[in-house]
Amino acid sequence: MDLDPAHRAKIDHLGVAVPSLAEGLKLYRDLLGFAVKFEEEVATEKVRVVGLDSGDSVIELLEPTSDDSTIAKYLAKRGPGIHHIAIEVQDLAGLLPKLAAQGVQLLDSVPRPGARGTKVAFIHPKGALGVLVELVEHTAGSRH
Ligand code: CO
(Lines give C-alpha, C1' and ligand atoms only; values in the text may rest on other atoms or scores of the structure.)
Protein backbone atom coordinates (compact mmCIF):
# COMPACT_ATOMS: atom_id res chain seq x y z
CA MET A 1 0.00 0.00 0.00
CA ASP A 2 1.23 3.45 -0.82
CA LEU A 3 1.09 5.83 2.10
CA ASP A 4 1.97 9.48 2.10
CA PRO A 5 5.62 9.37 3.25
CA ALA A 6 4.96 12.38 5.48
CA HIS A 7 2.20 10.54 7.27
CA ARG A 8 2.91 9.01 10.65
CA ALA A 9 0.03 7.13 12.19
CA LYS A 10 -0.59 7.77 15.85
CA ILE A 11 -3.05 6.83 18.53
CA ASP A 12 -5.90 9.33 18.46
CA HIS A 13 -7.64 7.88 21.48
CA LEU A 14 -8.28 4.80 23.56
CA GLY A 15 -11.94 3.98 24.11
CA VAL A 16 -12.62 2.61 27.59
CA ALA A 17 -16.07 1.17 28.35
CA VAL A 18 -17.30 2.21 31.79
CA PRO A 19 -20.58 1.47 33.57
CA SER A 20 -20.76 5.12 34.61
CA LEU A 21 -18.79 8.24 33.81
CA ALA A 22 -18.79 9.15 37.51
CA GLU A 23 -16.94 5.94 38.28
CA GLY A 24 -14.50 6.52 35.43
CA LEU A 25 -13.88 10.13 36.44
CA LYS A 26 -13.27 9.16 40.04
CA LEU A 27 -10.35 6.99 38.95
CA TYR A 28 -8.93 8.79 35.93
CA ARG A 29 -9.54 12.43 36.91
CA ASP A 30 -9.68 12.50 40.69
CA LEU A 31 -7.12 9.83 41.54
CA LEU A 32 -4.84 9.67 38.50
CA GLY A 33 -4.91 13.36 37.58
CA PHE A 34 -6.17 13.50 33.99
CA ALA A 35 -7.85 16.75 32.95
CA VAL A 36 -11.21 16.61 31.19
CA LYS A 37 -10.87 17.90 27.65
CA PHE A 38 -14.42 17.50 26.38
CA GLU A 39 -17.70 15.87 27.18
CA GLU A 40 -20.16 14.89 24.50
CA GLU A 41 -23.13 12.68 23.83
CA VAL A 42 -22.83 10.77 20.55
CA ALA A 43 -26.44 9.97 19.72
CA THR A 44 -25.60 7.66 16.82
CA GLU A 45 -23.48 5.46 19.13
CA LYS A 46 -25.80 5.85 22.15
CA VAL A 47 -22.92 6.83 24.40
CA ARG A 48 -21.82 9.71 26.55
CA VAL A 49 -18.14 10.40 26.14
CA VAL A 50 -15.68 12.15 28.40
CA GLY A 51 -12.33 12.84 26.76
CA LEU A 52 -9.33 12.98 29.06
CA ASP A 53 -6.31 14.96 27.91
CA SER A 54 -3.26 12.75 27.41
CA GLY A 55 -1.02 15.01 25.39
CA ASP A 56 -1.21 14.05 21.70
CA SER A 57 -3.97 11.59 22.39
CA VAL A 58 -7.06 11.19 24.51
CA ILE A 59 -8.56 8.55 26.75
CA GLU A 60 -12.28 8.40 26.05
CA LEU A 61 -14.50 7.06 28.79
CA LEU A 62 -17.62 5.61 27.16
CA GLU A 63 -20.86 5.28 29.12
CA PRO A 64 -23.88 3.74 27.39
CA THR A 65 -27.07 5.82 27.22
CA SER A 66 -29.23 2.87 26.19
CA ASP A 67 -29.32 -0.87 26.84
CA ASP A 68 -29.04 -1.56 23.11
CA SER A 69 -25.90 0.50 22.59
CA THR A 70 -22.77 -1.31 21.50
CA ILE A 71 -21.05 -0.27 24.72
CA ALA A 72 -23.91 -1.58 26.89
CA LYS A 73 -23.67 -4.94 25.12
CA TYR A 74 -19.90 -4.95 25.57
CA LEU A 75 -20.22 -4.22 29.30
CA ALA A 76 -22.84 -6.93 29.72
CA LYS A 77 -20.68 -9.49 27.96
CA ARG A 78 -17.14 -8.59 29.00
CA GLY A 79 -17.39 -6.02 31.79
CA PRO A 80 -15.53 -2.70 31.82
CA GLY A 81 -12.29 -2.47 29.88
CA ILE A 82 -10.48 -1.20 26.83
CA HIS A 83 -13.08 -1.29 24.05
CA HIS A 84 -11.11 0.04 21.09
CA ILE A 85 -7.96 1.74 19.92
CA ALA A 86 -8.42 4.67 17.57
CA ILE A 87 -5.73 5.48 15.03
CA GLU A 88 -5.54 8.80 13.25
CA VAL A 89 -5.28 8.45 9.48
CA GLN A 90 -5.45 10.70 6.47
CA ASP A 91 -7.94 10.25 3.62
CA LEU A 92 -10.11 7.68 5.35
CA ALA A 93 -12.42 7.36 2.34
CA GLY A 94 -9.45 6.44 0.19
CA LEU A 95 -7.90 4.09 2.76
CA LEU A 96 -10.95 1.88 3.33
CA PRO A 97 -11.09 0.37 -0.18
CA LYS A 98 -7.33 -0.27 -0.01
CA LEU A 99 -7.74 -2.17 3.26
CA ALA A 100 -10.70 -4.11 1.87
CA ALA A 101 -8.66 -5.01 -1.23
CA GLN A 102 -6.00 -6.44 1.10
CA GLY A 103 -8.62 -8.64 2.73
CA VAL A 104 -8.93 -6.62 5.94
CA GLN A 105 -12.41 -7.20 7.34
CA LEU A 106 -14.12 -3.83 7.88
CA LEU A 107 -17.19 -2.96 9.91
CA ASP A 108 -17.65 0.23 7.89
CA SER A 109 -16.96 0.36 4.18
CA VAL A 110 -17.46 4.14 4.11
CA PRO A 111 -16.64 6.78 6.74
CA ARG A 112 -19.35 7.82 9.17
CA PRO A 113 -19.62 10.67 11.69
CA GLY A 114 -17.70 10.22 14.95
CA ALA A 115 -17.23 12.31 18.08
CA ARG A 116 -16.09 15.94 17.81
CA GLY A 117 -16.88 16.26 14.12
CA THR A 118 -14.48 13.52 13.03
CA LYS A 119 -15.02 10.91 10.33
CA VAL A 120 -14.54 7.34 11.52
CA ALA A 121 -14.68 3.71 10.41
CA PHE A 122 -14.04 0.50 12.32
CA ILE A 123 -11.95 -2.53 11.43
CA HIS A 124 -13.41 -5.80 12.69
CA PRO A 125 -11.27 -7.37 15.44
CA LYS A 126 -10.89 -10.39 13.14
CA GLY A 127 -9.19 -8.09 10.66
CA ALA A 128 -6.91 -6.43 13.23
CA LEU A 129 -5.29 -9.19 15.27
CA GLY A 130 -8.04 -9.26 17.87
CA VAL A 131 -8.29 -5.52 18.48
CA LEU A 132 -11.29 -3.39 17.59
CA VAL A 133 -9.60 -0.59 15.66
CA GLU A 134 -11.28 2.72 14.93
CA LEU A 135 -9.79 4.78 12.12
CA VAL A 136 -10.22 8.52 12.63
CA GLU A 137 -9.84 11.35 10.19
CA HIS A 138 -9.89 14.82 11.64
CA THR A 139 -11.72 17.54 9.79
CA ALA A 140 -11.57 21.29 10.11
CA GLY A 141 -12.75 22.01 13.64
CA SER A 142 -12.43 18.48 14.99
CA ARG A 143 -8.82 18.81 16.14
CA HIS A 144 -8.60 18.27 19.86
CO1 CO B 1 -13.56 5.97 19.59
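Helices and strands are DSSP runs, with helices (H or I) at least four residues long and strands (E) at least two, and they are numbered from the N terminus. Keep that in mind for the exercises below, and remember that this is a predicted model.

**Exercise 1. Now try D67: is D67 buried or exposed?**

Step 1: D67 lies in the loop between β4 and α2.
Step 2: Exposed means over 50% relative accessible area.
Step 3: The relative accessible area of D67 is 73%, so D67 is exposed.
Step 4: Leaving aside neighbours within four places in sequence, D67 is in contact with A72 and K73.
Step 5: For a sense of distance, take D67 and A101: they are 34 residues apart in sequence, and their C-alpha atoms are 35 Å apart in space.

**Exercise 2. In what order do the strands of the sheet lie?**

Step 1: Trace the open sheet. Its 8 strands follow the order β2-β3-β4-β1-β5-β8-β7-β6, with mixed pairing.
Step 2: Check the edges. β2 (36-42) and β6 (112-113) are the edge strands, each pairing on one side only.
Step 3: β2 and β3 are antiparallel and share 6 bridges; one example is E41, whose bridge partner in β3 is R48.
Step 4: Inspect the turn. β2 and β3 make a hairpin with 4 residues between them, and K46 in the turn has a positive phi of about 55 degrees.
Step 5: Move to β1 (residues 10-17) and β5 (residues 81-88). They run antiparallel and are joined by 7 bridges, and K10 has E88 as its bridge partner in β5.

**Exercise 3. Which strands does helix α2 touch?**

Step 1: Helix α2 (residues 70-78) packs on the sheet and touches β1, β3, β4 and β5.
Step 2: Helix α2 makes about 135 degrees with β5.

**Exercise 4. Which residues form a nonpolar patch on the surface?**

Step 1: The patch consists of L27, L31 and L32, with about 310 Å² of accessible area together.
Step 2: Pick out L32, found in the loop between α1 and β2. Its relative accessible area is 53%, so L32 is exposed.

Conventions. Residues are numbered from 1 along each chain as its sequence is written. This is a predicted model: local features need pLDDT of at least 70, side-chain atom pairs count only at pLDDT 80 or more; totals for chains, interfaces and linings use all residues. Side-chain values use heavy atoms; hydrogens and water are left out. Two strands pair if DSSP finds at least two bridges between them. Contact means heavy atoms within 4.5 Å. Axes are lines fitted to C-alpha atoms, for helices over the stretch in contact, and angles run from 0 to 180 degrees between N-to-C directions. Patches are made of residues with over 30% relative accessible area and no salt bridge: like charges are joined within 9 Å, nonpolar side chains (Val, Leu, Ile, Met, Phe, Trp, Tyr) within 5 Å. Accessible areas come from the Shrake-Rupley method with a 1.4 Å probe; for residues, only the protein chains shown count as cover. A salt bridge is a side-chain nitrogen of Lys or Arg within 4 Å of a carboxyl oxygen of Asp or Glu. Buried means under 20% relative accessible area, exposed over 50%, partly exposed in between (1.4 Å probe, protein chains only).
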